[in-house]
Amino acid sequence: MIEGILANLERQLRAVKLLRDLMEEEFAHLAARNPGAVASLEFSIQELLRQLGGERRSLHALYAAVDPAAKRLFDLVDRFPPEAAARARELHAAIDAAEQRCAKQASRSYAMALGLYDVAKSGLENLRTLLAPKKGVYGARGRMAVGHGGPSILSGRL
């Protein structure tokens, strides 16, 4: 049972490191403004998170098999042999550190995505103001018509 817990922790560590790498690659694609690559990486990240969740559920099942009251690794680690306990603590600390780096990378990606959204939104608003007709516009008969700003049907003017 202890070997199963350690193997699960090792798989989780590899998965979290892969997640960190994918998130760093996603940030690079965000910085390069490559939305197609970001979208494909996002699907990979979501699938990896789903698999990581499955590993965590499996690990909790292993905890429950050893002791039904155990909810965390530290509830069981005292029952492990000394070398296995040290390895479990080491793996847990490495997973935690990698998750912290993932969280920081996610914050950076989020800030970058919001910044790009704001830039695109302001660019569209500027384009809209440039394309909107001014007060004096030509009507259907080629004469200057007065722009009344807004849809005619909704305001009752035709």
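These are my notes on what I looked up in this structure, which is a predicted model.

**Entry 1: the core**

I began with the nonpolar core. I noted that in soluble globular proteins nonpolar side chains tend to be buried together. The largest nonpolar core here has 28 residues. I listed the ones with the most contacts inside it: Ile 5, Leu 9, Tyr 63, Leu 73, Phe 80 and Ala 88. Helix 1 (2–31), helix 2 (35–66) and helix 3 are the elements that give two or more residues to this core. Helix 1 gives the most, with nine residues.

I then picked out Ala 88. Leaving aside neighbours within four places in sequence, I found Ala 88 in contact with Leu 6, Leu 9, Leu 73, Val 77 and Phe 80.

**Entry 2: helix 3**

Helix 3 runs over residues 82–131. At 1.5 Å a residue, its 50 residues should span 74 Å. The C-alpha atoms at its ends are 73 Å apart, so the two values agree.

Which residues of helix 3 are buried? I wrote down Ala 84, Ala 85, Ala 88, Leu 91, Ile 95, Ala 98, Cys 102, Gln 105 and Ser 109. These buried residues pack against helix 1 and helix 2.

I looked at Ser 109 by itself. Ser 109 lies in helix 3. Its relative accessibility is 6%, so Ser 109 counts as buried, the cut-off being under 20%. Beyond its neighbours within four places in sequence, Ser 109 is in contact with Met 23, Glu 26, Phe 27 and Leu 30.

**Entry 3: a nonpolar patch**

Next I turned to the surface. Leu 124, Leu 127, Leu 130 and Leu 131 form a nonpolar patch there, and together they have about 450 Å² of accessible area. I took Leu 130 as a case, which is found in helix 3. Is Leu 130 buried or exposed? Leu 130 has a relative accessible area of 66%, so it is exposed, since the cut-off is over 50%.

**Entry 4: salt bridges**

Side chains of opposite charge can pair when their charged atoms come close. How many salt bridges does a search of the whole structure find? The search finds eight. I went through some of them.

Asp 21 and Arg 20 meet through their side chains in a salt bridge, at 3.5 Å from N to O. Asp 21 is partly exposed, with a relative accessible area of 37%, whereas Arg 20 is buried at 17%.

The side chains of Glu 99 and Arg 56 also meet in a salt bridge, at 2.2 Å from N to O. This pair links distant parts of the chain, with Glu 99 in helix 3 and Arg 56 in helix 2, 43 residues apart. Glu 99 is partly exposed, with a relative accessible area of 30%. Arg 56 counts as partly exposed too, at 29% relative accessibility.

Arg 79 forms a salt bridge with Asp 67, and their closest N and O atoms are 2.8 Å apart. I located Arg 79 and Asp 67 in the loop between helix 2 and helix 3, 12 residues apart. Arg 79 counts as partly exposed at 49% relative accessibility, while Asp 67 is buried, with a relative accessible area of 17%.

How values were computed. Residues numbered from 1 in each chain as written. Predicted model: local features only at pLDDT ≥ 70, side-chain atom pairs only at ≥ 80, totals over all residues. Heavy atoms only, no water. Patch = residues over 30% accessible without salt bridge, like charges linked within 9 Å, V, L, I, M, F, W, Y side chains within 5 Å. Areas by Shrake-Rupley, 256 points an atom, 1.4 Å probe, with all protein chains shown as cover. Salt bridge = Lys/Arg side-chain N within 4 Å of Asp/Glu carboxyl O. Helix = DSSP H or I, 4+ residues; strand = E, 2+ residues; numbered from the N terminus. Buried < 20%, exposed > 50% of the residue type's maximum accessible area, 1.4 Å probe, protein only. Core = buried A, V, L, I, M, F, W, Y, C linked by side-chain atoms within 4.5 Å. Contact = heavy atoms within 4.5 Å. Expected span 1.5 Å × (residues − 1).
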